[in-house]
Amino acid sequence: MLFRYLLLLFILLPIKSFALIEVDITRGNLSPLPIAVSPLSIDEKSKKDFVKILKKENIGSEISAVVENNLRQSGLFNPLNKDAFLQKADIANLKPRFEDWNLIKAQALITGKVTLVDEKLRVEFRLWDVLAGKEMIALAFTTVPSNWRRVGHIITDKVYERLTGEKGYFDTRIIYVAEEGPKTKRIKKLAIMDQDGFNNKFLTLGNELVLTPRFNPTNQMVTYLSYFRNLPRVYLLDIETGMQEVVGDFPGMTFAPRFSPDGKKIIMSFAKDGNSDIYTMDLENRIVERITNHPSIDTSPSYSPDGKYITFNSDRSKYQQIYVMNSNGKNVKRISFGNGLYGTPVWSPRGDLIAFTKLHKGKFYIGVMRTDGTGERLLTENFYQEAPSWSPNGRVLIFYRETKTNSKGEGFSAKLWSIDLTGYNERLVETKTDASDPSWSSLLSK
Amino acid sequence: MIIITAMSLPFLSKKPIDLPPLVSVELIQISDQTNIPFAPKAKKIIEKVKEKEKKLVSEQAPPKIVKKVKPDAIPLPDEKIDKIKKIKDKKQNPEKIDNEVKQVSEFEKDELFDPSNIAALIDKSKVESAEVTDKTDKITQDQEKNIDFAGLSLSEEDALKAQIFGCWSIPLGLPYDQNLLVRIKLQLKPDGSIIRSEILDHARMNKPGQGFYKVLAESALRAIKLCQPLRVPSTGYEKWKDLQLNFDAREMLEG
């Protein structure tokens with residue numbers, strides 16, 4: 001009975017409560033995240049040993065400089081000036097004084113330690129959330145000392161992934177065509193370098209013309225086109241071993257061989273009976289399969305990451321436009337409808353976008369659109385630029401840009417450039433020679 | 001329960017009042033719609049009325065005989081203008097208005113209305129707003145509820161948003177086509193500093209494949225910490241001591 005009375009009293013009692021106020025935050029600043037990259041600390045003995053092995057005064061500082069440079073180049077981070085750091089590297093690695101890092105407006109902090117263990121380089125690093133005062137990630141790597149730059153790239157990938165939520169693209173390589181000599185008599189060699197331009201190597205001697213190298217998305221194999229006695233040949237090259245083989249001789253104009261996502265096929269276009277169509281070749285049995293059969297010129301095929309679709313360019317609607325079809329050649333749909341000519345479509349490794357080159361009113365653009373052709377965005381405009389290639393995380397595009405020659409035919413140059421999807425972070429990729437036709441590898445460390 | 005059941009019976013419910021279309025010139029209280037704080041003068045009057053009502057209750061005074069007036073009825077335009085005119089006259093000749101109020105009924109006042117003088121009346125009504133609203137300033141229970149339960153005013157909300165916009169570094173690598181709404185509940189001190197912050201969908205942070213959500217949630221927490229003390233109103237602590245911030249970066253990421 002008493003319980004019933006209490007219940008009635010509870011129901012009838014006026015309850016005064018405040019509704020929870022909700023505020024929607026739909027905007028923020030897009031400026032790069034301030035991050036402090038403290039030099040990796042190193043004990044005196046290891047320091048002396050590394051001077052002997054690598055001829056580097058302070059390998060800890062060198063590795064942190066690689067990390068810092070990568071983060072800055074990404075455009076998403078703002079590495080703070082080391083002169084402002086209040087805490088020493090060795091102490092910061094043990095226990096950061098967050099107030100000090102907060103004072104210089106750092107929101108994240110990287111600390112670490114380098115040692116020489118059994119003739120091997122051992123690197124520990126930690127990423128800290130300065131405002132929350134907590135560790136976000138802590139990892140250690142052991143490798144041969146000569147791999148120290150790669151360690152810097154791997155650290156950057158881990159930091160990038162932890163702070164942005166998507167995989168990094170720093171422990172990668174870029175293969176490209178190195179060009180030297182006057183425009184009318186260019187020597188073209190196959191070359192490879194780390195994504196930051198270091199460790200550049202030439203892979204061919206320049207006796208033969210090389211074109212359109214493309215990485216296999218699953219390993220370090222490369223396919224490219226070369227002319228031998230004026231006949232186009234498709235080659236396979238293993239970067240690790242240096243082994244090279246001819247996939248086949250193809251008639252007429254052959255273009256841009258590219259791997260399928262599983263790395264088991266090559267897709268390309270070549271002209272048969274005067275008509276350029278798209279074909280695939282199985283790398284195991286070398287069986288060639290025709291994918292398109294149309295009187296127009298179909299070129300530049302690129303698979304979607306799931307292998308179900310192919311994008312390519314064709315002039316079947318009078319002007320060159322971008323199309324998408326099933327991987328068996330059925331259900332061809334035009335997706336580009338803007339003014340101008342569209343070419344070199346490349347499907348993003350993320351699957352959401354297709355990058356392309358556009359020519360309109362004498363200007364070349366690098367842009368992206370959704371896979372159904374909507375949401376076209378032109379990221380960069382120039383006198384001449386083409387051949388975009390995606391970073392493995394689908395965030396950045398690398399392409400090449402040529403400059404205008406003067407009336408005497410001088411002043412020509414071709415350089416590699418990168419731009420991220422925002423369109424704001426456009427950067428020159430330093431190469432020792434002129435460069436064209438870049439292709440980005442997948443992550444070396446998976 | 002019996003009372004609640006009885007109250008819900010259909011024959012006890014009031015019939016809806018059919019209101020005539022109105023052209024209002026009266027200054028009305030709109031705080032429940034816009035959350036703009038009362039004008040200081042009006043606020044004083046409200047507090048005074050509240051105080052008076054409170055006193056009456058505490059002293060257990062006998063029930064006040066109140067002339068039946070429909071509280072929600074909105075006077076016709078003519079009536080309103082008459083009221084304004086009445087106040088205007090009151091200022092000019094207090095004694096005269098005394099007599100008139102006593103003698104003239106609500107309907108008879110129509111005869112005193114001078115249509116050619118509307119503009120002057122409207123202007124005057126601004127100055128006299130507090131007096132005009134004196135009658136309606138006796139807040140009904142509904143109005144009081146609205147005042148207490150109202151959220152932040154637009155300007156207060158804007159100030160808070162602007163502060164957090166500046167502190168929030170949006171992780172640019174996030175996809176724009178995923179549902180990445182991070183809701184954070186805050187418990188605040190009167191000065192705007194944070195006692196406690198709680199991510200409402202915390203479980204999602206540690207689920208596989210929710211890396212983007214985790215990154216966004218962490219960036220939102222950093223923004224809050226960087227911004228504190230938050231720019232909160234100097235009054236009404238009870239109202240905003242618990243606050244929920246909904247972080248949604250899609251608009252920005254989509255460009």
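Trainee: In which strand of chain A is the place of Leu190(A)?

Mentor: Leu190(A) sits in strand β9 of chain A, which covers residues 187–194 (strands are DSSP runs of E, at least two residues, numbered from the N terminus). Before we go on, this is a predicted model, with local features needing pLDDT of at least 70 and side-chain atom pairs 80 or more, while totals for chains, interfaces and linings use all residues. Residues count from 1 along each chain as its sequence is written, and chains are lettered from A and ligands numbered from 1 in the order written.

Now, back to Leu190(A). Leu190(A) has 24 other C-beta atoms within 10 Å, so it is buried (20 or more is buried, 12 or fewer exposed, in between partly exposed, with C-beta atoms placed from the backbone). Leaving out residues up to four places away in sequence, Leu190(A) touches Ile175(A), Val177(A), Leu203(A), Thr204(A), Val210(A), Pro213(A) and Tyr224(A) (contact puts C-beta atoms within 7 Å). Ala256(A), 66 residues apart from Leu190(A) along the chain, has its C-alpha atom 15 Å from that of Leu190(A).

Zoom out to the sheet. Strand β9(A) belongs to an open sheet of 4 strands, ordered β10-β9-β8-β31 in chain A, with antiparallel pairing (pairing takes at least two DSSP bridges). At the edges are β10(A) (201–202) and β31(A) (434–440), each pairing on one side only. Strand β8(A), residues 173–180, runs antiparallel to β31(A), and 5 bridges join the two.

How values were computed:
Two residues are in contact if their C-beta atoms, placed from the backbone, lie within 7 Å.
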